[in-house]
Amino acid sequence: RPPVYGGAVKGFDEAAARAVAGVKRVHQLPQGKLPGGFQPLGGVAVIATNTWAAIQGRDALAVRWDDGPNAVYDSETFRKGLEAEVARPGQVVAKLGDVDAAFAKAHRKIGASYYVPHLAHAPMEPMAATAHYKDGTCECWAPSQHPQAARDTVAAALGIPVEQVTVHVTLLGGGFGRKSKPDFIAEAALLSRAAGVPVRVQWTREDEIRHSYYHSVSAQRLEASIDQGGRVTGWLHRTAFPTIASVFVPLLNRPMDPELGMGVTDFPYVIPNRRAETGTGAAHVRIGWFRAVANIQHGFAINSFTAEIATAAGRDHKALLLELLGGAERAFEAPKWNYDGKAGVHPVDRDRLRAVIEKATKEAGWGKSLPLGHGLGLAVHRSFLSYVATVIHVAVDHEGNLTIPRVDMAIDCGFVANPDRVRA
């Protein structure tokens, strides 16, 4: 597959691949288009009698690539660009009160920046799919999290009616969102049609890391004002990252409403002056949903920053969070997206946030005396209508080595339909 998203094959040594024992044929797949959606990336496939022969044959191909429009993408350079985006005013997506006025008269103002790199899903079992194309129909067996999308994608790739495609779902071997994208299933279908026999496509671990739908790289800047009593009077949150929607729609370079509704516009804390802004970030890899999606970067930044505020104000982090959750006061105006597409249908329930904080900190013994080099860290967040608080006990020895002796987590997910799933 192209080493760069949007790349194309310039040439390859088919004879060298065919010289490997067990190799039956070499087939070039259609070049992937940008944005790619769920379609395969393209590249060159080696079909053999066994997996090892196929891998050896692929290594012998010596493919020459045209890296295309994303050839110059460098993640460190891109990081600097994202960080510059959140260092300056952006597009306002939520506002309450007057943040600038609160900052101007603050007893103390603090700020911090946070960065999350590309994350690959790395499921226990890499991508694998078997397909059998025959007489205008295709039957597939694959660890799909989204068999309906797999069916549609295979039908589109083969140019046959969706009714002519059957997808059998196997055990996943881990998914985490990656196996909802059926590009690997379409690869098997295309190769079965080309070879005239059933074909199993097997990704390697290296393939999975190089060609995943990555969780989006992101940068965030948070600033807050504190009064003389250690209370937070103003809050500014800027976030910038390539949007998931860029996989389907060209030229999108700002977070979408659903992504902002995961920690930014559904912000739970009662602070009189608050503003949220977004910066731009173009996608140069395939972006995909990954477990909790945008809650990953937003929950990380917000909880890290509240801990920074507590330290700066000389306050206990738990006490600060409970104070920020306030009473019946409103947070931001209802966000444009709130899990079912309708603003305000699922507002943040501060009582449930408080309850999981109290439960997790009680079980962890929050406030207890700890040995030198030991500490407790606290985080709380709502993700996909579940309320989660976590206390992590961290120990650092005299050489700086970190260990985690204990984790206490309280989850309020509402009605528990499958207790085993929650325990897992």
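The buried residues of helix α2 are covered by elements that include α1 (14–18), β2 (23–29) and β3 (43–48), where covering rests on contact, that is, heavy atoms within 4.5 Å. Helices (H or I, at least four residues) and strands (E, at least two) are DSSP runs here, numbered from the N terminus. This is a predicted model, in which local features need pLDDT of at least 70 and side-chain atom pairs count only at pLDDT 80 or more, while totals for chains, interfaces and linings use all residues. Residues are numbered from 1 along each chain as its sequence is written, and side-chain values use heavy atoms, with hydrogens and water left out.

Helix α2 itself spans residues 51–59, and A53, A54 and G57 are buried in it. Buried stands for under 20% relative accessible area, exposed for over 50%, and partly exposed for anything in between (1.4 Å probe, protein chains only). Seen down the axis of α2, the buried residues fall within an arc of 100°, so they line one face of the helix; the arc is that of the directions from the helix axis to the C-beta atoms. W52 and D59, on the other side of α2, are exposed. At the start of the helix, a side-chain oxygen of N50 comes to within 3.2 Å of the backbone nitrogen of W52. That is a polar contact: a pair of N or O atoms within 3.5 Å, where, within protein, one must be able to donate a hydrogen and the other to accept it, and residues adjacent in sequence count only if both atoms are side-chain atoms.

Next come the sheets. An open one of 4 strands runs in the order β9-β8-β7-β10, with mixed pairing; two strands pair if DSSP finds at least two bridges between them. The edges belong to β9 (165–169) and β10 (199–202), each with a single partner strand, so one side of each has no neighbour in the sheet. From one strand to the next, the twist averages 15°. Such angles run from 0 to 180 degrees between N-to-C directions, using axes that are lines fitted to C-alpha atoms, for helices over the stretch in contact.

Within this sheet, β7 (residues 128–134) and β8 (residues 137–142) are antiparallel and share 5 bridges, and Y133 has C138 of β8 as its bridge partner. Helix α5 (residues 147–158) packs on the sheet, touching β7, β8 and β9, and its direction makes about 145° with that of β9. Helix α6 (residues 183–195) lies across β7, β8 and β10, at about 40° to β7. On the β10 side, β7 is joined by 4 bridges in an antiparallel arrangement, with Q202 of β10 as the bridge partner of A128. In a regular strand, side chains alternate between the two faces of the sheet. In β10, V199 and V201 make up a covered face, and R200 and Q202 an uncovered one.

As for cysteines, the structure holds 0 disulfides, a disulfide being a pair of cysteine sulfur atoms within 2.5 Å. C140 is in none, and the nearest cysteine sulfur, that of C138, is 3.8 Å away. C140 is buried, at 0% relative accessibility, whereas C413 is partly exposed, with a relative accessible area of 27%.

A further open sheet has 5 strands, in the order β5-β13-β12-β11-β6, again with mixed pairing. Here β5 (91–96) and β6 (108–116) take the edges, each with a single partner strand, so one side of each goes without a neighbour in the sheet. The twist averages 10° from one strand to the next. Antiparallel strands β6 and β11 (residues 218–226) are joined by 9 bridges, and V116 has S218 of β11 as its bridge partner. Packed on this sheet is helix α9 (residues 295–313), which touches β6, β11 and β12 (232–240) and makes about 150° with the direction of β6.

Helix α10 covers residues 317–324 and includes H317. Its buried residues are H317, K318, L320, L321 and L324; down the axis of α10 they fall within an arc of 160°, so they line one face of the helix. Their cover includes β12, α9, α11 (350–364) and β14 (374–383). D316 caps the N-terminal end, with a side-chain oxygen 3.1 Å from the backbone nitrogen of K318, and just after α10, G326 takes a positive phi of about 55°. H317 has a relative accessible area of 9%. Leaving aside neighbours within four places in sequence, H317 is in contact with N303, T306, A307, A310, W366 and L378. G377 is 60 residues from H317 in sequence, yet the two are 8.5 Å apart in space, C-alpha to C-alpha.
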